[in-house]
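Open the model in your viewer and keep the selection panel at hand. The tour goes from domains to a helix pair, then to the ligand.

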Amino acid sequence: MASLVVEGVTVAFGADLALDGVGLTAEPGRVTGLIGPNGAGKSTLFDVVSGLRRPSSGRVVLGGRDVTRMGPARRARHGLARTFQRLEPFGRLSVRDNLLVAAELGPERRRAASAVAAILDRLDLTEIADSAAGTLPTGAGRLVEVGRALATRPRLLLLDEPAAGQDGEETARFAALLRSLADEGTAVVLVEHDMGLVMGVCDEVHVLDLGKVIASGPPDAIRRDEAVLAAYLGD
Ligand code: ADP
Ligand code: MG
């Protein structure tokens with residue numbers, strides 16, 4: 001069963017449609033890319049999927065259950081976690097405490113401390129676990145966001161430009177992390193401008209332009225798709 005099904009989702013801001021009948025799916029065990037030029041509607045779609053914004057029409061189905069009318073906290077309890085394009089850590093809390101706060105919300109609160117230690121290790125954050133999260137360089141700050149999301153043990157993980165501000169080495173490690181999360185059965189949805197990362201790690205890619213899905217398919221097909229090339233060249 002698909003982890004995420006989005007059907008016919010439309011969102012209007014005044015007279016403008018930020019999303020116009022968007023449909024897509026994300027599957028467990030796969031990294032699904034969501035790309036498109038600035039303003040295409042990627043972050044708005046994440047808001048709709050995570051319950052922060054109600055669509056004027058359409059449905060969101062998580063793990064077979066229609067959650068269109070469910071609030072964000074309940075969706076989180078159904079296994080959804082997301083990161084935000086803009087970094088919003090609890091800046092004065094340590095890296096570890098940022099993750100602990102999230103782990104306490106998750107299904108395994110009694111094991112929170114050891115679960116957090118394992119995630120810090122996995123993200124290579126152990127050495128800076130006691131630093132205030134607000135003092136970190138962007139690349140590490142993004143990993144803290146990802147760590148907070150992982151601490152809730154998501155089945156569906158939405159990542160909004162997680163590699164922005166990472167250097168090449170960080171991005172390569174991040175790609176391996178995404179792969180291993182998918183291999184464990186997580187459905188990962190990746191919004192990202194770094195095409196090397198997207199094409200290297202995604203199993204499937206959906207392309208948004210002006211609020212519409214203009215192409216969906218494996219990276220090789222997307223790379224050669226004329227509508228996609230035109231959208232990126234500002235045709
Ligand atoms: P992306 O993440 O693909 O860059 P967004 O989802 O942020 O795109 O934005 C999609 C469109 O919706 C853009 O035209 C943007 O200006 C508009 N938009 C986003 N959020 C709001 C808002 N809160 N109010 C009005 N317009 C918005
Ligand atoms: Mg965005």
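Domain bounds here come from an automatic or database domain assignment. This is a predicted model: local features need pLDDT of at least 70, side-chain atom pairs count only at pLDDT 80 or more, and totals for chains, interfaces and linings use all residues. Residues are numbered from 1 along each chain as its sequence is written, while chains are lettered from A and ligands numbered from 1 in the order in which they are written.

**Domains.** Select 1-79 + 158-235 for domain 1, then 87-153 for domain 2. Their C-alpha centres are 23 Å apart. Seven residues of domain 1 contact six of domain 2 (contact: C-beta atoms, placed from the backbone, within 7 Å).

**Helix pair.** Next, pick α3 (95-105) and α5 (138-151). Helices are DSSP runs (H or I, at least four residues), numbered from the N terminus. The axes, lines fitted to C-alpha atoms over the stretch in contact, are 7 Å apart at about 30°. Angles run from 0 to 180 degrees between N-to-C directions. The pair is therefore roughly parallel (under 35 degrees). Show Val95, Asn98, Leu99, Ala102 and Ala103 of α3; they meet Val144, Gly147, Arg148 and Ala151 of α5.

**Ligand 1.** Finally, select the residues around ligand 1: Phe13, Ala18, Gly36, Asn38, Gly39, Ala40, Gly41, Lys42, Ser43 and Thr44 (C-beta atom, placed from the backbone, within 6 Å). Which helix gives the largest share of this shell? Helix α1 (residues 42-50) does, with three residues.

Conventions. Helices (H or I, at least four residues) and strands (E, at least two) are DSSP runs, numbered from the N terminus. Angles under 35 degrees count as roughly parallel, over 145 as roughly antiparallel, 65 to 115 as roughly perpendicular and the rest as oblique. Two residues are in contact if their C-beta atoms, placed from the backbone, lie within 7 Å.
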